[in-house]
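Colleague: Thanks for making time to walk me through this model. Shall we put it on the screen and start with the interior?

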Amino acid sequence: MTQGRQNASLIELLADGEWWRGPVLAEKLGVTRAAVSSRVATLRELGLDVYSLSGKGYRLARPLDLLSAPVIEADMEPSVRDALDELIVREQVDSTNSVLAGFNDDATRACLAEYQSAGRGRSGRAWVSPFAANIYLSVARTVSAPRGPLGALSLAVGVALADALAALGVPHIGLKWPNDLWIGRSKVGGILIEHRGETGGGAHLIVGVGLNVAMNRAQSSAIDQSFTQLSEHLSAFVSRSRLAAICLNAVMGALVEFESAGFAAFARRWAVYDRVCDQPVRVIESRGECCGVARGINDDGSLRIEIDGLGRAVYSGDVSLRLDHSPGFA
């Protein structure tokens with residue numbers, strides 16, 4: 001089931017954060033010392049701080065918590081392990097969603113990566129994806145005639161992830177419509193769903209999840225909004241492999257439940273985590289801006305907005321939502 005990381009031997013050796021002499025690395029990798037130097041340069045291009053010192057060799061600025069496919073598989077729920085045709089763990093990709101989109105079959109796959117060169121968020125925005133710092137996960141699955149509107153699927157996945165993180169002990173988990181995970185008032189993760197129609201009313205879905213785990217200041221400098229990460233809220237260390245399995249269990253469970261019961265199974269749980277309901281919001285769309293008060297969600301997953309006493313449904317496909325940070329906003 002597992003397709004492991006590719007060309008990751010050097011990073012696996014250096015991941016302990018200790019000094020490794022060049023000749024030792026060359027011997028273990030079966031390459032020349034010049035090739036080791038070239039591979040170190042590649043790691044630096046990925047944003048990793050690799051120190052080099054004559055007589056001591058190379059070491060990373062800090063140890064890395066690399067993904068382990070065997071650990072991920074061991075932490076999967078048995079039903080998820082049985083349902084998954086392939087688990088792919090790679091060192092670097094353009095995006096995990098794109099990797100799965102490259103397959104032309106109906107197999108159920110999950111893809112995880114240490115690094116994304118072109119990670120994507122909603123509306124084509126870039127998703128900052130530093131090496132071995134966060135969770136970048138995508139799941140591809142074909143569902144037959146789902147019983148809920150696909151526009152609500154990102155909300156269902158958000159609920160499942162929020163449940164899983166709350167069970168892990170993460171405090172103040174919330175959801176911002178339609179696809180953001182929050183801790184308190186800061187974003188900790190996001191969901192991106194892509195799909196193609198199938199004959200008979202089914203759909204082939206790719207669910208992408210990005211979750212901030214443990215970035216340093218340099219790695220997070222490109223993020224242009226308020227954010228947080230799990231390492232700041234967990235009382236004990238949790239490996240990225242275990243977090244990956246927790247997220248994978250949640251996403252797969254949400255897909256199965258959504259296919260069989262639709263969004264109704266998630267609507268009440270969404271309300272528990274909803275951080276937008278009854279708050280003033282500003283909706284930005286091509287025809288201009290409007291301000292109103294969010295009043296929860298509709299059965300199809302659209303956002304209910306009250307504007308001058310009148311209700312209106314807002315869909316994620318044609319608007320962006322910004323919370324109004326005016327005085328008194330909670």
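Colleague: Which residues line the largest cavity?

Modeller: Happy to start there, and please keep in mind that this is a predicted model. The structure holds one cavity of 30 Å³ or more, and the volume of the largest cavity is about 30 Å³. Its lining is made up of Leu-100, Phe-103, Asp-105, Ala-107, Arg-109, Ala-140 and His-204.

Colleague: Over the ring of which residue does the charged end of Arg-109 sit?

Modeller: For a charge to count as sitting over a ring, CZ of Arg has to be within 6 Å of the ring centre and within 35 degrees of the ring normal. The charged end of Arg-109 is 3.7 Å from the centre of the ring in question, which belongs to Phe-103.

Colleague: And how many aromatic pairs does the count come to?

Modeller: A pair of aromatic rings is described by the distance of the centres and the angle of the planes. The rule asks for ring centres within 6.5 Å. By that rule, the number of aromatic pairs is zero.

Colleague: Is Cys-111 buried or exposed, and how many disulfides are there?

Modeller: Cys-111 has 0% relative accessibility, so it counts as buried. Cys-247 is buried as well, because its relative accessible area is 2%, under the 20% cut-off. A disulfide needs two cysteine sulfur atoms within 2.5 Å, and by this rule the number of disulfides is zero.

Colleague: Now the backbone: which peptide bond is cis, with omega near 5°?

Modeller: Most residues other than glycine have a negative phi, and most peptide bonds are trans. The loop to look at lies between strand 7 (173-176) and strand 8 (180-183), and it contains Pro-178. The cis bond, with omega near 5°, runs from Trp-177 to Pro-178.

Colleague: What is the phi of Asp-278?

Modeller: Asp-278 sits in the loop between helix 9 (264-273) and strand 11 (280-285). This residue is not a glycine, yet its phi is positive, at about 65°.

Colleague: How far apart in space are Gly-57 and Arg-21, C-alpha to C-alpha?

Modeller: Gly-57 belongs to strand 3 (residues 57-60) and counts as buried because its relative accessibility is 11%. Along the sequence, Gly-57 and Arg-21 are 36 residues apart. In space, their C-alpha separation is 3.9 Å.

Colleague: One last one: what separates the C-alpha atoms of Pro-130 and Asn-212?

Modeller: Pro-130 is in the loop between strand 5 (109-116) and strand 6 (135-143). At 10% relative accessibility, Pro-130 counts as buried. Pro-130 and Asn-212 are 82 residues apart along the chain, and their C-alpha atoms are separated by 10.0 Å.

Note on methods: Residues numbered from 1 in each chain as written. Predicted model: local features only at pLDDT ≥ 70, side-chain atom pairs only at ≥ 80, totals over all residues. Heavy atoms only, no water. Phe/Tyr/Trp six-rings, centres within 6.5 Å; stacked < 30°, edge-to-face > 60°. Buried < 20%, exposed > 50% of the residue type's maximum accessible area, 1.4 Å probe, protein only. 1 Å grid on protein atoms, 1.4 Å probe; cavity = no way out; pocket = protein on both sides within 12 Å on 5 of 7 lines; lining within 4 Å. Points joined across faces, edges and corners; volume = space filled by probe spheres on them. Helix = DSSP H or I, 4+ residues; strand = E, 2+ residues; numbered from the N terminus.
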